[in-house]
Amino acid sequence: MATIKIKQIKSRIGAPIDQKRTLDSLGLHKISNTVEVEDNPCIRGMIRKVQHLVTIVD
């Protein structure tokens, strides 16, 4: 299965609780933290929800 590397680029401080929980679900806890997750529609939806806080790393 294909994977995606996601990096948190902005702080979660001030974000709504649902966005904080989405970051937790993705495995992101600190700025500059990078995780590798499977590429599927569920993960893509989570990335879209917090797209202003994360970036996809090549």
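This is a predicted model: local features need pLDDT of at least 70, side-chain atom pairs count only at pLDDT 80 or more; totals for chains, interfaces and linings use all residues.
**Lys49**

Lys49 has a relative accessibility of 37%, so I put it down as partly exposed. I placed Lys49 in helix α2. What does Lys49 touch, once residues up to four places away in sequence are not counted? I found Asp18, Gln19 and Thr22. For Asp18 I also looked up the spacing: Lys49 and Asp18 sit 31 residues apart in sequence, and their C-alpha atoms are 9.3 Å apart in space.

Is Gln19 buried or exposed? Its relative accessibility is 14%, and buried means under 20%, so Gln19 goes down as buried. With neighbours within four places in sequence left aside, I listed Lys49, Val50, His52 and Leu53 as the contacts of Gln19.

**The α1/α2 pair**

That took me to the two helices themselves. I have α1 as residues 17-26 and α2 as residues 41-49. At what angle do α1 and α2 pack? I noted about 135°, with the axes 10 Å apart. Angles over 145 degrees would count as roughly antiparallel and 65 to 115 as roughly perpendicular, so I wrote down α1 and α2 as oblique to each other. The crossing of α1 past α2 is left-handed.

I then listed who meets whom. From α1 I have Asp18, Gln19, Thr22, Ser25 and Leu26; from α2 I have Ile43, Met46 and Lys49. Sorted by class, this contact holds three nonpolar, three polar and two charged residues.

**The largest nonpolar core**

Leu26 and Ile43 turned up again when I moved to the core. The largest nonpolar core has 14 residues, and the members touching the most others are Ile6, Leu26, Leu28, Ile43 and Val54. Which elements give two or more residues to this core? I noted β1 (3-8), α1, β2 (34-38) and α2. The largest share comes from α2, with three residues.

I checked two of these core members in more detail. For Val54, leaving aside neighbours within four places in sequence, I have contacts with Ile6, Lys7, Gln8, Ile9, Leu23, Leu28 and Ile47.

Leu28 is the other one, and I found it in the loop between α1 and β2. Not counting residues up to four places away in sequence, Leu28 touches Ile6, Gln8, Arg12, Leu23, Asn33, Val35 and Val54. I also looked up Leu28 against Asp58: they are 30 residues apart along the chain, and their C-alpha atoms are separated by 17 Å.

**Other residues of the α1-β2 loop**

While I was in that loop I looked at Lys30, which is also found between α1 and β2. Is Lys30 buried or exposed? I have 61% relative accessibility, and the cut-off for exposed is over 50%, so Lys30 counts as exposed. Lys30 and Arg12 are 18 residues apart along the chain, with 8.3 Å between their C-alpha atoms.

Ser32 is another residue of the loop between α1 and β2. What is the phi of Ser32? I wrote down a positive value of about 75°, although Ser32 is not a glycine. At 49% relative accessibility, Ser32 counts as partly exposed.

**Met1**

Last, I went to Met1, in the segment before β1. Met1 has a relative accessibility of 76%, so I have it as exposed. Which residues is Met1 in contact with, leaving aside neighbours within four places in sequence? I noted Glu38 and Asp39. Met1 against Lys30 gave 29 residues apart in sequence and 26 Å in space, C-alpha to C-alpha.

Terms used
Residues are numbered from 1 along each chain as its sequence is written. Side-chain values use heavy atoms; hydrogens and water are left out. Axes are lines fitted to C-alpha atoms, for helices over the stretch in contact, and angles run from 0 to 180 degrees between N-to-C directions. Helices (H or I, at least four residues) and strands (E, at least two) are DSSP runs, numbered from the N terminus. Angles under 35 degrees count as roughly parallel, over 145 as roughly antiparallel, 65 to 115 as roughly perpendicular and the rest as oblique. A crossing is left-handed if the near helix is turned anticlockwise from the far one by less than a right angle, and right-handed if clockwise. Contact means heavy atoms within 4.5 Å. Ala, Val, Leu, Ile, Met, Phe, Trp, Tyr, Cys and Pro count as nonpolar, Asp, Glu, Lys and Arg as charged, and the others, Gly among them, as polar. A nonpolar core is a set of buried Ala, Val, Leu, Ile, Met, Phe, Trp, Tyr and Cys residues joined through side-chain atoms within 4.5 Å. Buried means under 20% relative accessible area, exposed over 50%, partly exposed in between (1.4 Å probe, protein chains only).
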